[in-house]
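The sequence and structure are shown first.

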Amino acid sequence: MTVLEDRIEMADADANTKRLDEWFERLERMPVPEGFRVEIVGGNVHMTPQRDTHWGIIRRIARALEDRFGMDVKVFSDVRIDFPGHENGFCPDIALLKDSAKKDDTGHWRYQDIEFVAEVISEGTAHNDYGPKKLAYAEAEVPLYVIADPYQGRCYVYTDPKDGDYENRTPVDFGTDIDLTGTVVDLVLKTDGFPRD
């Protein structure tokens, strides 16, 4: 890239963050029902209710990461992180950040520090997790992305981001351990307790 292209890209990113900040500030003032998660995907606002099935899977994944890395691990659920693309203010179900991760000057976590993302499918927003969010995670070069789909009773493991998509996709049925040794999380994720819808 040239210096000019770098400056244009940085200016676009700053404008994108400011627009997202405005959106989220407005959303925080709205009467969003308790138990709903709000995120912005491609400039569109999505609100989804937190279901017990959804939370049960998130909790098991977060617990596996805490068991592996300790209670001080930087793992978040439903925390806003801006990703590449037009107005992508995602709130991943699970985001694992590098130990060295620090918030930027605007108080946001940086997508460049994310090592692992997991999303649990909600019926109304499944197309986001399988489509634009997957592509944004790949564009951000998140090395490991796992989708847990309680409707199919299956997980999908995406690795090796390249040219805006993932090179490898591995399906794993609920009840089968997901071998993530050799990845950034270096663990075996048990799915036998994952609830289904």
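Tyrosine 145 has tyrosine 158, in β10, as its bridge partner. The strands named here are DSSP runs of E with at least two residues, helices are runs of H or I with at least four residues, and both are numbered from the N terminus. Two strands are taken to pair if DSSP finds at least two bridges between them.

This is a predicted model, in which local features need pLDDT of at least 70 and side-chain atom pairs count only at pLDDT 80 or more, whereas totals for chains, interfaces and linings use all residues. Residues are numbered from 1 along each chain as its sequence is written, and side-chain values use heavy atoms, with hydrogens and water left out.

## Overall composition

The protein has 197 residues, of which 45% are buried. Buried means under 20% relative accessible area, exposed means over 50%, and partly exposed lies in between (1.4 Å probe, protein chains only). The secondary structure consists of 4 helices and 13 strands. The accessible surface is about 10,600 Å², and carbon and sulfur atoms account for 48% of that surface; such areas are computed by the Shrake-Rupley method with a 1.4 Å probe, and for residues only the protein chains shown count as cover. Of the contacts between residues at least 6 apart in sequence, 52% join residues at least 24 apart, a contact being heavy atoms within 4.5 Å.

Strands of a sheet pair through backbone hydrogen bonds, either parallel or antiparallel. Here an open sheet of 6 strands is ordered β3-β6-β8-β9-β10-β11, and its pairing is mixed. Strands β3 (75–76) and β11 stand at the edges with a single partner strand each, so one side of each is left without a neighbour in the sheet.

| Strand pair | Bridges | Direction |
|---|---|---|
| β8 and β9 | 5 bridges | parallel |
| β9 and β10 | 6 bridges | antiparallel |
| β10 and β11 | 8 bridges | antiparallel |

Strands β9 and β10 form a hairpin with 4 residues between them, and glycine 153 in the turn has a positive phi of about 65°. The hairpin of β10 and β11 has 2 residues between the strands, and aspartate 163 takes a positive phi near 50° there.

## Helix α4

Helix α4 spans residues 132–139 and includes lysine 133. The helix packs on the sheet, where α4 touches β8, β9, β10 (154–162) and β11, and its direction makes about 125° with that of β11. Axes are lines fitted to C-alpha atoms, for helices over the stretch in contact, and angles run from 0 to 180 degrees between N-to-C directions. The buried residues of α4 are Lys133, Lys134, Ala136, Tyr137 and Ala138. After the helix comes glutamate 141, with a positive phi near 60°.

## Salt bridges

Side chains of opposite charge can pair when their charged atoms come close. A salt bridge is defined as a side-chain nitrogen of Lys or Arg within 4 Å of a carboxyl oxygen of Asp or Glu. By this rule the model has 9 salt bridges.

One of them joins glutamate 119 to lysine 133, with the closest N and O atoms 2.8 Å apart. This pair links distant parts of the chain, since glutamate 119 lies in strand β8 (residues 114–120) and lysine 133 in helix α4, 14 residues apart. Glutamate 119 is buried, because its relative accessible area is 0%. Lysine 133 also counts as buried, at 0% relative accessibility.

Aspartate 82 and arginine 80 meet through their side chains in another salt bridge, at 2.8 Å from N to O. Aspartate 82 counts as buried because its relative accessible area is 12%, and arginine 80 is buried at 15%.

Lysine 190 forms a salt bridge with aspartate 177, the closest N and O atoms being 3.1 Å apart. This pair too links distant parts of the chain: lysine 190 is in the segment after β13 (188–189), and aspartate 177 is in the loop between β11 (165–173) and β12 (178–179), 13 residues apart. At 36% relative accessibility, aspartate 177 is partly exposed. Salt bridges that share partners join Glu119, Asp129 and Lys133 into one network.
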